[in-house]
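Dear colleague,

Please find the structure handed over below, followed by an account of what was found in it.

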Amino acid sequence: MSVLCPSLLLPDADAMARFAQRLAPHLGPGDVLLLEGPIGAGKTHFARALIQSLLAAPEDVPSPTFTLVQVYDGPGFEIWHSDLYRLSHPDDALELGLMAAFQTALCLVEWPERLGGDRPDSALTLRFSVLSDDARRLELFGDAVRWAERLKGVCDV
């Protein structure tokens with residue numbers, strides 16, 4: 001796994017939303033985004049902004065904390081937003097249908113460590129860190145062959 005974007009400083013929630021909107025057009029079916037970071041780091045805010053930027057019409061994008069998975073109709077493909085915080089074993093993710101969705105949908109996965117050994121090797125990992133009440137640091141990691149060219153210019157904040 002290579003560092004694909006140097007450490008990005010996102011000074012507020014609006015900056016995070018703008019980054020999500022800039023990344024969204026570079027994503028499609030079969031892409032998996034693993035969203036790592038502590039509670040309150042902005043994973044759901046990022047996912048919400050990215051999903052909303054891909055939808056044809058405005059739609060509420062709630063946190064999937066209790067439903068575990070929310071599915072949206074994107075531009076020619078499904079978008080799966082999952083929050084695995086409440087899972088107790090990696091096998092629980094299999095029951096949600098995530099492994100099949102990884103092949104056909106754009107998948108955003110919060111708390112991906114709950115996947116255990118089922119984390120897709122081709123995934124783009126976004127690591128969120130809290131710097132202050134508003135500011136966040138974001139680092140992107142992944143397979144350079146799959147992601148480096150696609151992310152060219154996206155990380156220029």
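Strands, as the word is used here, are DSSP runs of at least two residues in state E, numbered from the N terminus. Arg136 lies in one of them, strand β7, which covers residues 136-142. Please note that the model is a predicted one.

I begin with the sheet as a whole. Seven strands form an open sheet in the order β1-β7-β6-β2-β5-β4-β3, and their pairing is mixed. At the edges are β1 (2-10) and β3 (69-73), each of which pairs on one side only. On average, neighbouring strands of this sheet are turned by 15° against each other, direction ignored.

Two helices are to be described with the sheet. Helix α1 (residues 13-23) packs on it and touches β1, β2, β6 and β7, with a direction at about 145° to that of β1. Helix α2 (residues 43-54) lies across β2, β3, β4, β5 and β6, and runs at about 165° to β5.

Strand β5 (residues 106-110) deserves a paragraph of its own. It is mostly covered, with five of its five residues buried. In a regular strand, side chains alternate between the two faces of the sheet. Here Leu106, Leu108 and Glu110 point one way from β5, while Cys107 and Val109 point the other way. On one side, β5 is joined in parallel to strand β2 (residues 32-36) by four bridges, and Val32 stands opposite Cys107. Strand β4 (residues 78-83) also pairs with β5 in the parallel sense, over five bridges; in this pair Ile79 stands opposite Leu106.

The pairing of β7 with strand β6 (residues 124-130) runs in the other sense: the two are antiparallel and are joined by six bridges. Leu126 has Leu140 in β7 as its bridge partner.

This brings me back to Arg136. The side chain of Arg136 does, however, have backbone oxygens beside it: that of Gly40 lies 2.8 Å from one of its polar atoms, and that of Ser132 is reached at 2.8 Å. Leaving aside neighbours within four places in sequence, Arg136 is in contact with residues including Leu8, Met16, Ala41 and Val130.

With kind regards

Note on methods
Residues are numbered from 1 along each chain as its sequence is written. This is a predicted model: local features need pLDDT of at least 70, side-chain atom pairs count only at pLDDT 80 or more; totals for chains, interfaces and linings use all residues. Side-chain values use heavy atoms; hydrogens and water are left out. Buried means under 20% relative accessible area, exposed over 50%, partly exposed in between (1.4 Å probe, protein chains only). Two strands pair if DSSP finds at least two bridges between them. A polar contact is a pair of N or O atoms within 3.5 Å; within protein, one must be able to donate a hydrogen and the other to accept it, and residues adjacent in sequence count only if both atoms are side-chain atoms. Contact means heavy atoms within 4.5 Å. Axes are lines fitted to C-alpha atoms, for helices over the stretch in contact, and angles run from 0 to 180 degrees between N-to-C directions.
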